[in-house]
Amino acid sequence: GFIELGETPEDAAKRELKEETNLNGEVIKLLGHCSHFNSIFGDILLIGMLMKIENWVQLKAGDDASEAKLFDINNCPELAFECHNKIFLMYKKQIK
């Protein structure tokens with residue numbers, strides 16, 4: 001998702017988490033960033049944040065996804081975008 005005008009990156013992360021997964025979380029730390037060019041929006045900066053989620057019971061897909069489910073970290077499906085893969089690798093390094 002995108003940061004809205006007047007919104008902090010942390011607030012945007014919490015809002016997007018809720019919109020996309022129906023989960024509530026708190027930002028723990030910045031994982032890193034990655035940029036890429038998008039033919040619609042131009043240059044996009046992705047910011048990866050580590051989130052603490054207390055309750056996973058309410059997990060469900062947002063309106064732009066067909067499903068939401070958990071995967072074993074070592075057996076995840078391939079992600080659609082290279083920047084998402086890079087941020088996922090940043091996450092895996094953080095939890096080692």
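Me: What does the secondary structure of the protein come to?
Reply: The secondary structure comes to two helices and two strands. Please note that this is a predicted model.

Me: And in what order do the elements run from the N terminus?
Reply: From the N terminus on, the order is α-β-β-α. The radius of gyration is 14 Å, close to the 12 Å that the globule rule gives for 96 residues, so the protein is as compact as a globular protein of that length.

Me: What box do the C-alpha atoms fill?
Reply: Taken along the principal axes, the box is roughly 35 × 30 × 30 Å.

Me: How much of the protein counts as buried?
Reply: Of the 96 residues, 23% count as buried. The protein exposes about 7,400 Å², and carbon and sulfur atoms supply 53% of that area.

Me: What share of the contacts comes from residues 24 or more positions apart?
Reply: Such residues account for 45% of the contacts with a separation of 6 or more.

Me: New topic. How many disulfides does a search of the whole structure find?
Reply: The search finds one disulfide. It is formed by Cys34 and Cys83, whose sulfur atoms are 2.1 Å apart. The angle about the S-S bond is -70°, and the link is left-handed.

Me: Which parts does the pair Cys34 and Cys83 tie together?
Reply: Cys34 lies in strand S1, residues 26–38, and Cys83 lies in helix H2, residues 82–95, so the pair ties together parts that are 49 residues apart in sequence.

Me: Is Cys34 buried or exposed?
Reply: Cys34 counts as buried because its relative accessibility is 7%, and buried means under 20%. Cys83 also falls under that cut-off, with 5% relative accessibility, and counts as buried.

Me: Let us move to Leu23. Where does it lie?
Reply: Leu23 lies in the loop between helix H1, residues 9–21, and strand S1. Leu23 counts as buried, because its relative accessibility is 1%.

Me: What does Leu23 touch, leaving out residues up to four places away in sequence?
Reply: Leu23 touches Leu17, Lys18, Ile53, Asn55, Trp56, Gln58 and Leu59. One of these, Gln58, is 35 residues from Leu23 along the chain, yet the C-alpha atoms of the two are separated by 6.2 Å.

Me: What about Gly48, where does that lie?
Reply: Gly48 lies in strand S2. Gly48 is buried, with a relative accessible area of 5%.

Me: And which residues does Gly48 touch, not counting those up to four places away?
Reply: Gly48 touches Leu30, Leu31, Gly32 and Ile87. As for Asp72, it is 24 residues from Gly48 along the chain, and their C-alpha atoms are separated by 19 Å.

Me: Ile47 next. What is its place, please?
Reply: Ile47 is also in strand S2, which covers residues 42–52. Ile47 is partly exposed, with a relative accessible area of 37%.

Me: Which residues form a nonpolar patch on the surface?
Reply: The patch is formed by Ile3, Leu30, Leu45 and Ile47. Together, these residues have about 370 Å² of accessible area.

Conventions:
Residues are numbered from 1 along each chain as its sequence is written. This is a predicted model: local features need pLDDT of at least 70, side-chain atom pairs count only at pLDDT 80 or more; totals for chains, interfaces and linings use all residues. Side-chain values use heavy atoms; hydrogens and water are left out. Patches are made of residues with over 30% relative accessible area and no salt bridge: like charges are joined within 9 Å, nonpolar side chains (Val, Leu, Ile, Met, Phe, Trp, Tyr) within 5 Å. Accessible areas come from the Shrake-Rupley method with a 1.4 Å probe; for residues, only the protein chains shown count as cover. A salt bridge is a side-chain nitrogen of Lys or Arg within 4 Å of a carboxyl oxygen of Asp or Glu. Helices (H or I, at least four residues) and strands (E, at least two) are DSSP runs, numbered from the N terminus. Buried means under 20% relative accessible area, exposed over 50%, partly exposed in between (1.4 Å probe, protein chains only). Contact means heavy atoms within 4.5 Å. The radius of gyration is taken over C-alpha atoms; the globule rule is 2.2 Å times the number of residues to the power 0.38. A disulfide is a pair of cysteine sulfur atoms within 2.5 Å.
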